[in-house]
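Visitor: I'd like to know what stands behind each term you use here. Show me the model, and I'll keep asking.

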Amino acid sequence: MTTINRMLVANRGEIARRVFRTCRDLGVETVAVFSDVDADAPHVTEADQAVRLGGPRSYLDADAIVEAARAAGADAVHPGYGFLSENAEFARAVLDAGLIWVGPPPEAVAAMGAKVEAKTLLAAAGVPVLPTYDLDDLDDDDARPPLPLLVKASAGGGGRGMRIVRDAAELPEAVASARREALAAFGDGTVFAEPLLEHARHIEVQILADAHGTVWALGERECSVQRRHQKIVEESPSPAVTPELRRELCDAAVRAAQAIGYVGAGTVEFLVKGDVVAFLEMNTRLQVEHPVTEYVYGVDLVRLQVEIAEGAPLPGLPPSPVGHAIEARLCAEDPANGWRPQAGVLHRFEVPGVDAEFRAAGTLRLDSGVAGGATVTPHYDPMLAKVIAYAPTRAGAARRLATALARARLHGPVTNRDLLVNVLRHPAFLAGETDTGFLDRHAAAVSAPRAGADAVRISALAAALAGAAANRAAARVLGELPGGWRNVVSQPQRTAFTLPGEPGERVEIAYLITRDGLSAEGFDGVELVSATPGEVVLSVSGVRRAFAVHACPGVTYVDSVLGAVRLAPLERLPEPARQVEPGSLLAPMPGTVLRVAVEPGDRVTAGQPVVVLEAMKMEHQIVSPGAGVVAALDAVTGRQVEAGAVLAVIEEHADDNADDNVGTQ
């Protein structure tokens with residue numbers, strides 16, 4: 001057997017940290033690689049050694065990674081997931097360099113890397129598949145595939161390079177857009193299409209195979225709760241899989257592994273709808289959602305990967321499943337605005353009750369790629385962390401996970417936390433009624449913010465009281481007049497906030513603190529118990545609640561049992577230079593201008609694309625909010641823009657058909 005002593009992880013973020021944790025347990029030294037924007041990232045500081053690669057896309061530079069392994073004296077490379085993890089040429093380059101590849105043979109990676117050929121190969125092995133359609137000749141009407149279609153990237157996965165097409169007129173642009181996104185994410189722009197199997201369940205089987213002919217199938221995971229074809233909630237076992245279906249799925253997964261001589265950890269994915277079971281793809285790597293299998297089967301999949309790479313056989317029969325595990329992907333994205341990725345400083349990142357060091361026996365686990373104080377950049381996937389809960393029952397796991405997420409303090413870019421909590425508490429989810437259309441069916445219920453209007457108002461009151469306490473504390477230190485000092489003491493203190501991301505929403509607070517206590521306009525039955533700059537305790541109709549307040553530049557965060565609230569203190573005298581011209585279209589996040597779809601003077605309609613940005617490996621359309629004329633255009637193709645940059649100015653027109661008016665602009 002071979003012994004691995006020092007391993008380089010050719011990845012970043014939470015998966016690099018996850019592999020490092022197992023390496024520490026095994027006594028294996030670790031080597032991180034990092035791009036310039038990740039120089040201070042947690043995965044870099046946790047490794048025993050770290051090697052700089054270069055620009056943001058340098059994680060795709062196979063030669064640089066192999067050279068980094070040589071320079072650091074590593075004897076093995078673990079690819080993680082994403083980036084080059086399913087690149088057969090990278091696997092060959094690692095092996096050719098005399099290093100141990102902690103993954104399947106390059107031939108197996110290549111066999112599954114091209115999804116069209118993979119489906120043909122596995123169909124011959126008896127694995128059920130959907131038909132595949134060629135997209136090379138879109139000009140031939142007779143050659144166009146039947147609708148609806150799902151356009152998919154041939155390389156990689158994770159929802160990148162996927163587009164649903166229901167109208168033939170949309171097909172050319174969908175294909176072009178999918179190719180661009182696939183190229184940016186995986187370095188390969190090849191796409192294909194297959195029938196869209198709507199409202200199916202997304203079920204996958206975890207496999208492990210050693211070099212001695214043994215293949216394990218460690219049950220199934222259900223990953224049906226998705227947005228943009230990307231999973232956000234995963235669980236094991238599936239609430240819908242019967243013992244008979246489980247045997248069918250596991251047998252098909254084992255046949256798939258045997259057909260390509262698979263070695264290592266991998267996942268075979270299926271769509272299941274009624275009696276239809278169809279192979280979706282095979283991921284020749286560790287999956288994002290692997291922790292739910294680790295919990296239910298009591299294994300460390302990374303440890304098994306390392307042992308298999310060292311030549312060890314799998315230890316006897318696979319373990320039996322016990323209990324239920326659910327994982328939620330916590331992402332820096334705004335579900336209320338088309339799942340738009342977010343960037344910025346993560347002022348605070350705390351999830352209470354989690355096991356900081358992975359142990360399979362724990363009941364609540366956090367796999368995180370970030371820490372408080374980190375900057376979320378637009379260069380990579382928006383996932384910040386995975387929170388995983390385990391319990392004897394599915395209901396217990398869902399409750400534990402929802403509560404942990406609800407109590408988390410996430411101060412910085414907008415996240416999908418509220419949506420995840422709403423999903424985990426939704427009656428349809430708890431009943432196991434999940435499929436790939438779950439979010440579409442329940443969009444209104446799961447997208448609603450947990451903190452309603454009343455919660456926002458009382459949180460704003462808490463923020464105002466905490467701000468006054470901070471002013472008093474600062475005044476005492478400086479020997480000045482107390483904060484909030486006024487000439488007319490009978491007049492209330494007034495503070496105004498806006499809600500970030502919700503233009504026009506304004507919350508005004510007016511209050512007095514007298515000998516009789518707190519008197520706040522519009523807050524009957526509210527009493528002040530205590531107030532410090534960081535916490536305000538209020539009694540509301542006899543119910544005492546604590547509000548944790550964290551003031552950051554330009555925004556104040558308030559956390560309580562009522563939900564998390566973000567408030568932007570309103571300046572009384574804003575500087576004119578910071579005012580934005582009406583009709584301005586602003587960049588919602590830092591990114592690169594991929595395409596400009598209009599010219600100055602063009603007439604546009606509501607919803608018409610104006611600019612396309614590329615950020616976090618995805619394309620984002622910036623559309624006109626209404627009918628009008630492009631009065632100014634600052635976006636230039638290929639240019640980097642910061643969040644809040646003015647891309648264009650749309651001047652509204654009352655009569656969109658008034659050609660004479662348009663001509664005068």
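Visitor: Which residues touch the most other members of the largest nonpolar core?
Guide: Val233, Phe349, Leu405, Val423 and Phe429 do, out of the 39 residues in that core. Mind that this is a predicted model, where local features need pLDDT of at least 70 and side-chain atom pairs count only at pLDDT 80 or more, while totals for chains, interfaces and linings use all residues. Residues are numbered from 1 along each chain as its sequence is written, and side-chain values use heavy atoms, with hydrogens and water left out.

Visitor: What makes a set of residues a nonpolar core?
Guide: The members have to be buried Ala, Val, Leu, Ile, Met, Phe, Trp, Tyr or Cys residues, joined through side-chain atoms within 4.5 Å. Buried means under 20% relative accessible area, exposed means over 50%, and partly exposed is in between (1.4 Å probe, protein chains only). In soluble globular proteins, nonpolar side chains tend to be buried together.

Visitor: Which elements each supply at least two residues of this core?
Guide: Strands β11 (230-236), β14 (324-331), β19 (364-368) and β21 (383-391) are among them, as are helices α11 (394-407), α12 (417-425), α13 (427-430) and α14 (438-441). Seven residues come from α11, which gives the most. Those labels are DSSP runs numbered from the N terminus: helices are H or I with at least four residues, strands are E with at least two. There is also a second, separate core of 38 residues, including Ala16, Ile100, Val288 and Ala325.

Visitor: What is Phe429 in contact with, leaving aside its neighbours within four places in sequence?
Guide: Its partners are Val225, Val233, Glu235, Ile326, Arg394, Ala398, Val423, Leu424, Thr434 and Phe438. Contact here means heavy atoms within 4.5 Å.

Visitor: Why is α12 called largely enclosed by the rest of the structure?
Guide: Because eight of its nine residues are buried. They are Arg417, Asp418, Leu419, Leu420, Val421, Asn422, Val423 and Leu424.

Visitor: What makes Phe83 and Tyr380 an aromatic pair, and of what kind?
Guide: Their centres are 6.2 Å apart and their planes 80 degrees apart, so the pair is edge-to-face. Rings of Phe, Tyr and Trp (its six-membered ring) pair if their centres lie within 6.5 Å; planes under 30 degrees apart are stacked, over 60 edge-to-face, and the rest tilted. Phe83 sits in the loop between β4 (76-78) and α4, and Tyr380 in the loop between β20 (375-376) and β21, so the pair ties together parts that are 297 residues apart in sequence. Ring pairs link Tyr59, Phe83 and Tyr380 into a cluster.

Visitor: How do you know whether Phe83 is buried or exposed?
Guide: Phe83 has a relative accessible area of 13%, so it falls in the buried class. Its phi is positive, about 50 degrees, although it is not a glycine.

Visitor: How does Arg228 count at 31% relative accessibility?
Guide: That value makes Arg228 partly exposed. Arg228, in the loop between β10 (215-227) and β11, also has a positive phi, near 50 degrees, in a residue other than glycine.

Visitor: Where is there a cis peptide bond?
Guide: One joins Ser236 and Pro237, with omega about -5 degrees. Another runs from Leu147 to Pro148, with omega near -5 degrees. Pro237 is in the loop between β11 and α8 (243-259), and Pro148 in the loop between α6 and β6 (149-153).
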